[in-house]
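Thanks for making time this morning.

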Amino acid sequence: MSVGDSSTPLGRVRGLGSAREGGEHWLTERVTSIALLLLGTWLVASLLILPKLDLRTVLEWLHAPSGAVPMALLIIIGFKHALDGMKVVVDDYVHEPGNNFALNTLLLFLAVGGGGLALFALARIAFGVVG
Amino acid sequence: MAATKTRPLSPHLTIWRWGPHMAVSILHRVTGGGLSVVGLAVLTWWLTAAAAGPAAYMTFTKVMTSPIGLIVLVGLTWAFFQHLLSGIRHLAMDTGAAFDLGINKLFAVLTIAGSLFLTALSWYILMGVGK
């Protein structure tokens with residue numbers, strides 16, 4: 001709002017109209033949630049079924065494609081879903097545009113950085129660099 | 001915007017009588033935040049520790065089997081199941097179903113009961129196997 005703007009709040013809203021975006025974000029959140037329903041259940045079930053959770057067992061499990069592929073998907077989709085969800089929280093409570101942009105950028109960097117780190121560690125195990 | 005300060009605000013958390021539906025809605029957001037921050041941090045640490053070798057994995061195991069570590073893990077287990085069940089509830093409600101007060105309240109109560117039961121069951125299995 002510029003200095004000297006005499007329009008009412010309602011008038012400004014009418015002038016802006018709808019955001020014309022956001023539908024894709026909403027839908028992505030739902031689609032990734034369905035994927036995580038499967039992948040999250042897979043992770044918990046795997047942790048319960050594995051005979052032990054020592055290093056040797058875990059490396060063996062994640063070295064096989066049956067462990068590595070769902071884990072890779074879980075990392076990618078999990079971080080994406082977390083990022084989308086946290087953005088909703090930030091947008092709900094942080095209205096000042098500068099702070100909102102800063103927090104959302106921080107979240108994006110954390111999600112991409114964390115996801116990259118987890119994927120790289122998994123790749124080392126899956127491709128037999130370790131274990 | 002001086003004009004907006006005197007405008008009435010829609011009532012927020014403090015004015016409503018607490019019920020299961022409201023609690024579950026808030027729990028969905030809280031558990032989502034917890035899983036995003038703590039859950040993904042633990043997952044990433046676990047994978048990087050496994051990729052780094054026995055010493056790093058030992059450190060991870062030691063921290064996670066300490067009393068505080070176990071509280072975090074049990075908390076994450078509960079957060080996972082609560083978010084999963086209330087997430088299913090939200091997916092159902094996205095279709096326009098289950099908005100009648102009775103059924104809405106029942107589903108809300110069921111997500112809480114279900115998450116507590118599945119958390120207890122998971123840790124019963126984990127402890128029973130003695131991992």
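Let me begin with burial: a residue counts as buried if 20 or more other C-beta atoms, placed from the backbone, lie within 10 Å of its own, as exposed if 12 or fewer do, and as partly exposed in between. What you see is a predicted model, in which local features need pLDDT of at least 70 and side-chain atom pairs count only at pLDDT 80 or more, while totals for chains, interfaces and linings use all residues. Residues are numbered from 1 along each chain as its sequence is written, and chains are lettered from A, with ligands numbered from 1, in the order in which they are written.

In chain A, buried residues make up 21% of the 131 residues. Chain A has 5 helices and 0 strands, where helices are DSSP runs of H or I with at least four residues, strands are E runs of at least two, and both are numbered from the N terminus.

Turning to the contact between the chains, 26 residues come from chain A and 26 residues from chain B, two residues being in contact if their C-beta atoms, placed from the backbone, lie within 7 Å. On the chain A side, H5(A) gives the most, with 7 residues.

Now the nonpolar cores, meaning sets of buried Ala, Val, Leu, Ile, Met, Phe, Trp, Tyr and Cys residues joined through C-beta atoms within 7 Å. The largest has 26 residues, and among those touching the most other members are A:Ala121, A:Leu122 and B:Leu47. H4(A) gives the most to this core, with 8 residues. B:Leu47 itself touches A:Ala118, A:Ala121 and A:Leu122, leaving aside residues up to four places away in sequence.
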